[in-house]
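Dear colleague,

Please find the structure below, handed over for your review.

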Amino acid sequence: MKVSVSRGSLAGVKSQLTMVPITEGEKLSFQTKEMSAKEGKMHVLYSGYKGSKLLLLVGLGKKKELTKEKVRKAFASAVKKAKSLNVEEFLVVSNIAGMNEKESSAAITEGILLGNYAFDKYKTKKKEEKEVKGFAIVAGGDVSREVKEAEIVCGNANLIRDMVNENADVMTTTKIASIARDIARKNHLRLRILEKHEMERLGMNLLLGVSRGSIYPPRMIILEYRGNKKSKDKIALVGKGITFDSGGINIKPSGWIETMRQDMAGAATVIGAIKTVAELKLPVNLVAVAPVCENMISRHAQKPGDIVKGYSGKTVEIENTDAEGRLILGDALAYTEKVIKPSAIITVATLTGAVLAIFGEYVAPMMGTSKHYMKKLYDSGERTHERVWELPLYEEFMEEVKGETSDIRNLGYNKRYAGTIMGGAFLKNFVDKTPFVHVDIAGTAWWEKPRGHVPKGGTGFGVRLLTDFFKHLHK
Ligand code: BES
Ligand code: ZN
Ligand code: ZN
């Protein structure tokens with residue numbers, strides 16, 4: 001979709017439709033009492049004005065209760081409305097009572113671009129509605145930077161949605177590697193991809209064990225962006241990339257298995273985040289590490305009860321082959337700390353279904369050893385509405401993942417108790433001294449129903465959160 005900015009007034013600018021945000025209390029000269037400005041209300045009017053035939057009034061509710069998220073939501077509905085009217089290009093008035101114009105322009109652009117997303121490549125019937133080709137934001141001042149930035153971030157969030165929604169036999173390990181290669185080439189990122197024989201040489205047996213049942217080869221993708229040569233800081237993002245999680249020999253039941261192509265969302269998110277940070281040329285140093293493989297049931301698959309020694313040298317009892325994310329991340333984390341030597345590590349993973357029992361689809365729990373970075377992530381969550389919330393990693397939890405015949409085990413003392421924290425406690429064993437935060441996106445990466453600017457299926461959660469985090473890293 002083409003996004004542009006038009007400075008000044010509407011006079012002389014032509015379009016099929018103009019969107020006008022309205023808030024309760026502030027009435028436009030032509031607005032009658034029937035045209036409610038309540039949140040969620042919209043009104044289509046014939047303007048008679050030759051520049052723009054139609055006006056779409058977009059209700060935002062009370063000025064005092066207005067948030068950026070409400071603006072995003074309202075404009076996600078507005079673009080759907082425009083589409084249902086067969087409008088291909090439109091204008092948007094950026095002026096919202098009580099909000100600064102740069103902020104409102106960014107939120108409007110985000111709402112439209114995220115809200116217009118649909119994963120429809122497998123629909124064979126041509127749609128009757130036309131695609132929206134573009135829109136222009138009309139603003140008094142210069143908002144081009146904010147709009148351009150929103151366009152980059154949302155374009156990448158939509159790309160991650162596509163990766164997560166795609167069939168598991170299309171979005172394979174090698175496909176993800178080739179996407180990373182393209183991104184590296186276009187953005188001058190350093191790229192390293194470890195293949196199976198190198199993993200064997202390095203002793204990454206936790207990752208190799210999970211991958212054993214699959215016909216697709218494992219990969220460890222490492223992308224590096226250096227945007228700040230003066231700083232010694234370097235943050236590593238480590239993302240879980242299971243292209244399909246069948247559960248392995250502990251196979252998943254119906255009702256849980258159908259959406260398990262989403263299990264590479266962490267890998268997609270860290271790749272999407274580094275792409276965005278590079279395109280925005282942010283002054284930070286960042287490495288994205290994505291261990292990718294498939295957890296498939298097969299006669300070659302790894303067996304429950306096996307004890308495996310990974311890259312760190314620690315041994316792990318595989319009590320359940322479905323707790324595989326922590327295994328591949330264990331190897332990735334130990335390798336990241338030892339070889340990449342970052343100043344902090346953040347993991348992003350669809351790690352535990354238990355997240356859904358805590359926060360539903362709305363909030364991603366985080367836990368770790370760095371209060372500093374958790375605070376920063378929390379603040380970014382509030383700004384982007386991709387919210388995170390800290391859970392404790394007390395010593396008692398660390399005790400529960402200690403092994404009997406092995407050093408550690410991949411389940412806690414009871415499968416149903418504190419499942420999300422057990423995942424984090426397990427991961428902490430593979431980070432020795434580097435400040436560490438783990439974000440579990442099992443509830444937020446995939447939605448069972450659409451809401452506002454977030455579609456059903458892959459949500460793209462994390463791209464906006466992490467981009468905002470890097471924007472504010474040194475502030
Ligand atoms: N990929 C799943 C977690 C998941 C569940 C993500 C639902 C998204 C939605 C993970 O590998 C898994 O299977 N975890 C197990 C852990 C258990 C065996 C300790 C789980 O959550 O049941
Ligand atoms: Zn699993
Ligand atoms: Zn999994």
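At least two residues each of the lining of the second largest pocket are supplied by helix H1 (68–84), helix H2 (101–115), helix H3 (144–165), helix H10 (371–384) and helix H13 (463–471). Of these helices, H3 provides the largest share of that lining, with 6 residues. Please note that the model is a predicted one.

The volume of the second largest pocket is about 530 Å³. This pocket is lined by 21 residues, and the closest to its centre are Ala 106, Glu 110, Glu 149, Asp 468 and Lys 471. By residue class, the lining of the second largest pocket comprises 13 charged, 4 polar and 4 nonpolar residues.

I turn now to the largest pocket, whose volume is about 850 Å³. Its lining is made up of 35 residues, and those nearest the centre of the pocket are Lys 252, Trp 256, Thr 352, Gly 353 and Ala 354. Two elements give two or more residues to this lining, namely helix H9 (354–359) and helix H12 (419–428). The element that gives the most to the lining of the largest pocket is H9, with 3 residues.

How do the residues lining the largest pocket divide into nonpolar, polar and charged? There are 13 nonpolar, 10 polar and 12 charged residues in that lining. For the second largest pocket, the corresponding division is 4 nonpolar, 4 polar and 13 charged.

With kind regards

How values were computed:
Residues numbered from 1 in each chain as written. Chains lettered and ligands numbered in written order. Predicted model: local features only at pLDDT ≥ 70, side-chain atom pairs only at ≥ 80, totals over all residues. Heavy atoms only, no water. 1 Å grid on protein atoms, 1.4 Å probe; cavity = no way out; pocket = protein on both sides within 12 Å on 5 of 7 lines; lining within 4 Å. Points joined across faces, edges and corners; volume = space filled by probe spheres on them. Helix = DSSP H or I, 4+ residues; strand = E, 2+ residues; numbered from the N terminus. Nonpolar A, V, L, I, M, F, W, Y, C, P; charged D, E, K, R; others polar.
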